[in-house]
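Me: Hi! Could you walk me through a few local features of this one?

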Amino acid sequence: MNIATTAQMREMDRTAIEERGIPSVQLMEAAACAVARAVSELAGGKTDGRAVLFCGPGNNGGDGVAAARFLLEMGWEVRCVLVGKREKMSADCREMERRLEQSGGKLEDFTDSDPQFAAWSLEADVMVDALFGIGLNTDLRGDAVTAVQMMNTCGVPVVSVDIASGVEADTGRVLGTAVNAAKTVTFTLPKAGHFVGKGGLCCGALEVVDIGIPDDLVRRESYPVTSVDRSRVSLPVRPRDAHKGDFGRVYILGGSVGLSGAPVMAAQAAVRTGAGLVTVGVPAPIWPVAATKLDEAMPHPLPAGKDGKLELAATEPLLEKLGGKWVCLLGPGLGRSNAVDAVVRHVLAETTLPVVLDADGINALVGHMDVLDNRGACTILTPHDGEFARLTGALPGEDRLSVARDFAVAHSCCLVLKGHRTITAFPDGTAYINTTGNPGMAKGGSGDVLSGILVSLLGQGFTPREAAPLAVWIHGRAGDLCAEAMGEYSMTPTDIIRMLPRVMRELTK
């Protein structure tokens, strides 16, 4: 789904109201109706529940006040409180207060010193966070902080209006503190803050609602950032007369003594996701291990030093092996040494194949970013935050989306910045935010599985723009199936590999 910025949403709202003549209160009531419906659904479909609505003085608060009226008319008990100064209320918020009063409700002034209100709120079925909207860009303070703390500590599920208050919409940064919502109802399009950063953890289940912004206004905008969900991913049906050479000649370089499992898992993942021919180069001391574990892939030994890692003499036979291959993965389990780093950099400089760099393949670029910058062929990097920090000198920080996009543009590469809501960024400034995956995948070896999936898809002819976001989605989906089957604590990267056939079958139905 396309992801809108705060500026884009403001412009769409302005155009709809000022140029298309759509009354702003009409849009507000459509939003409020969706919020009221979400409140009822969160309470199990109740028509006589109890709700507390915390409303700011702006239009986000107006949505909340209007939702209070809808709930009241449905038969709910409602307490609607204004968190902020009445003199700052927007015109639409005042109009919604008037309509609420006509229906027998009241917009109360918020106070944290009223024990009766606190006691009443503890018995609520749902709370509504309508304090701020997507325009917030400064830390919360005063009564807003108190209201957020109340919502977060009462043990009552919260529906946030547009975005959890305290979350910066364009970055996912938490501005001091933020509401921990069970559900967020947002309007027209999602925003980056619903997915990324700490703020992405605050929004709960996300529902995107059409409130009447004309479709052509939505379509005419350009959206460089999109989310990757099930509707965006699929696999083609394979030709009936296909043979193994049609589905990629993939080369994987990895492994060292003590890290023999990494290239094995990458190779197994590549085979499971459809690669036709997978060759695996490993240091000679671990070749017997790889040969024992790999039935379908083809491991071969490369010269190694006494430390069990590749030595410089591996460069020439490695380059020879790359002849006739379509794509290459460098890095899983290679370890760090001057020789290993030199081999990786030499291959990057010499081969014209598309290359996926993972783990120690990425580490080999530390202090040598010119090797990446001077490549004329496709390069995809798959770092976690620690590897990214080694490469750039700083952690991604609170605005992971902008950092990933800036890196990909600056170095003309594809960057897959792994983590919660993995971000895939491209040299033209576009980016994809993934929506699959879970904490059970945070185990050593999970990244090797992802790199194997990615190089497999590249080898099968998917473009980098197709392969990278799709690989991340498949990896996360397999992880989610593992979590459902065995729980997040016990699942392993090998389990993720075993679950890949189910995902691939889902995507080709």
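This is a predicted model: local features need pLDDT of at least 70, side-chain atom pairs count only at pLDDT 80 or more; totals for chains, interfaces and linings use all residues.

Me: Let's start with H15. How many residues does H15 have, and how far does it reach?
Reply: H15 covers residues 400-411, so to speak a run of 12 residues, and spans 17 Å from first C-alpha to last, close to the 16 Å expected at 1.5 Å a residue.

Me: Which residues of H15 are buried?
Reply: Those are Arg-400, Leu-401, Ala-404, Phe-407, Ala-408 and His-411. They sit on the same side of H15, because they cover an arc of only 135° around the axis.

Me: And which exposed residues are on the face turned away from that buried side?
Reply: Asp-406 and Ala-410 are the exposed residues there.

Me: New topic: at what angle do H8 and H18 pack?
Reply: The angle is about 10°, and the axes are 9 Å apart. H8 and H18 are therefore roughly parallel to each other, as the angle is under 35 degrees.

Me: Which residues meet there?
Reply: From H8 you have Met-265, Gln-268, Ala-269 and Arg-272, and they meet Pro-493, Thr-494, Ile-497, Leu-500, Pro-501 and Met-504 of H18. By type, the contact has seven nonpolar residues, two polar and one charged.

Me: Last one, Leu-42. Where is it?
Reply: Leu-42 is in helix H2, residues 24-42. Its relative accessibility is 31%, so Leu-42 counts as partly exposed.

Me: What does Leu-42 contact beyond its neighbours within four places in sequence?
Reply: Val-126, Pro-157, Val-158, Val-159 and Ala-182. Ala-182 is 140 residues from Leu-42 in sequence, yet their C-alpha atoms are 8.4 Å apart.

Terms used
Residues are numbered from 1 along each chain as its sequence is written. Side-chain values use heavy atoms; hydrogens and water are left out. Helices (H or I, at least four residues) and strands (E, at least two) are DSSP runs, numbered from the N terminus. The expected span of a helix is 1.5 Å times one less than its number of residues. Buried means under 20% relative accessible area, exposed over 50%, partly exposed in between (1.4 Å probe, protein chains only). The arc is that of the directions from the helix axis to the C-beta atoms. Axes are lines fitted to C-alpha atoms, for helices over the stretch in contact, and angles run from 0 to 180 degrees between N-to-C directions. Angles under 35 degrees count as roughly parallel, over 145 as roughly antiparallel, 65 to 115 as roughly perpendicular and the rest as oblique. Contact means heavy atoms within 4.5 Å. Ala, Val, Leu, Ile, Met, Phe, Trp, Tyr, Cys and Pro count as nonpolar, Asp, Glu, Lys and Arg as charged, and the others, Gly among them, as polar.
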